[in-house]
Amino acid sequence: MKQELLDKYNVPVPRYTSYPPANYFHDGFTSRDYADAIRESNRQQPESVSFYFHIPFCQRLCHYCGCNSYAAPKPEIIDRYVAALHKEIDLILPLLDKKRKVSQIHYGGGTPTFLPALELKELNAHVSDTFELIENPEKAIECHPGWMTGQDWEKLATAGFNRFSIGIQDFNKQVLQTVHRQAPLLQPEEIVTILRSCGVRINMDFLYGLPHQTEASFAETIEKAVSLKPDRLVTFSYAHVPWAFPRQKVLEKTGLPSGDEKSRMFEAARKILCEADYQPIGLDHFVRKDDELYTALLNGQLHRNFQGYCTRRTTGQVYAFGVTGISQLGTAYAQNTKDIMEYIEKVEAGILPVAKGYLLSREEQITREAIEMLMCNYRIDWNELSEQLSVPARSIKQATAYDEACLREFAEDGLVEFDENQIRMTPEGRLFVRNVAASLDKLMLGTNKSFSKPV
């Protein structure tokens with residue numbers, strides 16, 4: 001990546017894990033609005049159901065964390081929280097059409113593996129016993145290997161999960177110590193052997209842009225990861241947003257890599273992974289050629305929600321449980337309160353614990369589909385999108401902030417190729433797909449919102 005392009009385009013823009021981004025949600029959206037949106041979602045696409053559970057507890061907090069996480073509270077609070085999750089399920093399920101099928105269940109955090117496997121199994125059963133599941137649904141959980149024994153991994157596999165996302169972050173112990181991350185309790189090779197024997201799929205998650213990381217050290221970490229042969233490997237760019245998460249300020253004392261160094265880390269990792277026959281998916285995922293995500297990419301059918309990349313087969317409208325959980329419906333978003341006690345008390349009182357949300361206009365729904373197509377598949381085919389939405393291509397462009405002069409500038413810089421029928425990211429431009437997406441976003445015109453940089 002040329003330095004002048006890095007300087008020009010490494011500016012704050014949304015990540016577009018949703019459209020509009022979550023910092024546009026507002027507290028004028030109420031619990032009643034959410035209930036109405038759930039009922040309406042039964043008549044919207046996608047028809048399938050995706051459930052998300054947020055487990056906010058951690059044995060200890062990592063300095064880099066941008067999630068809603070809490071150091072382990074008193075046991076009675078944990079018990080009440082788990083009971084509240086079951087109660088929230090009971091509030092939501094009556095609003096859903098039971099003819100719909102569950103395609104995805106996902107646990108995030110915090111540290112979902114903070115809870116015993118039996119309690120996780122009971123949560124899975126509470127939703128899956130009510131609905132029919134699609135064939136081979138995805139049941140995924142994010143795992144912190146720093147606290148898990150061999151028995152813990154085996155019990156988790158028997159709890160019904162078929163995909164494990166292992167939060168390695170880095171194999172370098174100095175990096176882990178600096179960011180207050182507990183190193184894996186077992187050797188990674190041992191974890192992989194246990195999980196392979198259980199017949200589950202393995203993701204490994206890594207984070208670049210942390211103190212003490214260099215191009216060489218991160219390349220060494222990715223080389224080791226490749227030797228373990230996970231099914232998927234994710235290289236997340238650390239987002240330094242201390243105004244949102246003050247705990248991140250601690251990392252400034254040690255110092256963070258520059259944007260240029262981060263770019264070199266990513267390119268080194270990408271080269272290693274591609275040479276090992278992993279295929280790049282979206283911004284940060286790498287998968288094997290037999291992975292359904294790669295097939296979806298080739299077919300232009302890759303999709304993304306708050307839980308990550310998925311296929312149209314496993315895509316569902318997302319119904320979230322737990323603090324800060326974000327439900328992602330056909331025409332609305334709803335986010336739960338982030339305060340644990342407020343969440344528990346509201347749910348115990350039979351109130352949906354919504355803190356804020358967003359109702360999308362028809363124009364915003366159209367823009368969401370255009371930006372999602374670009375972010376996931378590195379292209380927008382206006383005619384294909386027109387057929388998908390039953391809206392003229394001209395009207396789709398008018399719904400967005402489509403600007404040929406802006407696209408010409410991207411093209412002159414080698415980031416895109418475009419004509420009246422399509423926009424296509426070049427291989428060199430993919431690192432800045434967020435910038436191109438932002439150029440189509442009317443909400444970015446004069447916005448005062450804060451975002452992270454692409455690199």
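Student: Which residue has its charged end over the ring of Tyr24?
Tutor: Lys449 does, with its charged end 5.2 Å from the ring centre. A charge sits over a ring if NZ of Lys or CZ of Arg is within 6 Å of the ring centre and within 35 degrees of the ring normal. Before going on: this is a predicted model, where local features need pLDDT of at least 70, side-chain atom pairs count only at pLDDT 80 or more, and totals for chains, interfaces and linings use all residues. Residues are numbered from 1 along each chain as its sequence is written, and side-chain values use heavy atoms, with hydrogens and water left out.

Student: What lies over the face of Tyr309?
Tutor: Arg304, at 4.3 Å from the ring centre.

Student: How many aromatic pairs are there?
Tutor: The count is 19 aromatic pairs. Rings of Phe, Tyr and Trp (its six-membered ring) pair if their centres lie within 6.5 Å; planes under 30 degrees apart count as stacked, over 60 as edge-to-face and the rest as tilted. Take Tyr107 and Phe161: the ring centres are 5.2 Å apart and the planes are at 80°, so this pair is edge-to-face.

Student: Where are those two in the chain?
Tutor: Tyr107 is in strand S4 (residues 101-109), and Phe161 is in the loop between helix H5 (150-158) and strand S6 (163-169). Helices (H or I, at least four residues) and strands (E, at least two) are DSSP runs, numbered from the N terminus.

Student: Are Tyr107 and Phe161 buried or exposed?
Tutor: Both Tyr107 and Phe161 are buried. Buried means under 20% relative accessible area, exposed over 50%, and partly exposed in between (1.4 Å probe, protein chains only).

Student: What about Tyr208 and Phe266, how is that pair arranged?
Tutor: Tyr208 and Phe266 are tilted, with 6.0 Å centre to centre and 35° between the planes. Tyr208 belongs to strand S7 (residues 201-208) and Phe266 to helix H10 (residues 259-275), 58 residues apart. Both Tyr208 and Phe266 are buried.

Student: Which residues do ring pairs link into a cluster?
Tutor: Phe51, Phe53, Tyr107, Phe131, Phe161, Tyr319 and Phe321.

Student: New topic. Which residues does UniProt list for "binding site"?
Tutor: The unreviewed UniProt entry lists Cys58, Cys62 and Cys65. UniProt positions are given in the numbering used here, feature names are shortened, and annotations may be inferred rather than shown by experiment.

Student: Why does Cys62 count as buried?
Tutor: Because its relative accessibility is 6%. Cys62 lies in the loop between strand S2 (57-58) and strand S3 (70-71). Not counting residues up to four places away in sequence, Cys62 touches Val179, His180, Arg181 and Arg247; contact means heavy atoms within 4.5 Å.

Student: And where does Cys65 lie?
Tutor: Cys65 lies in the loop between S2 and S3. Cys65 has 13% relative accessibility, so it counts as buried. Leaving aside neighbours within four places in sequence, Cys65 is in contact with Phe245, Arg247 and Gln248.

Student: Last one. How many helices and strands are in the protein?
Tutor: There are 17 helices and 19 strands. Buried residues make up 58% of the 455 residues.
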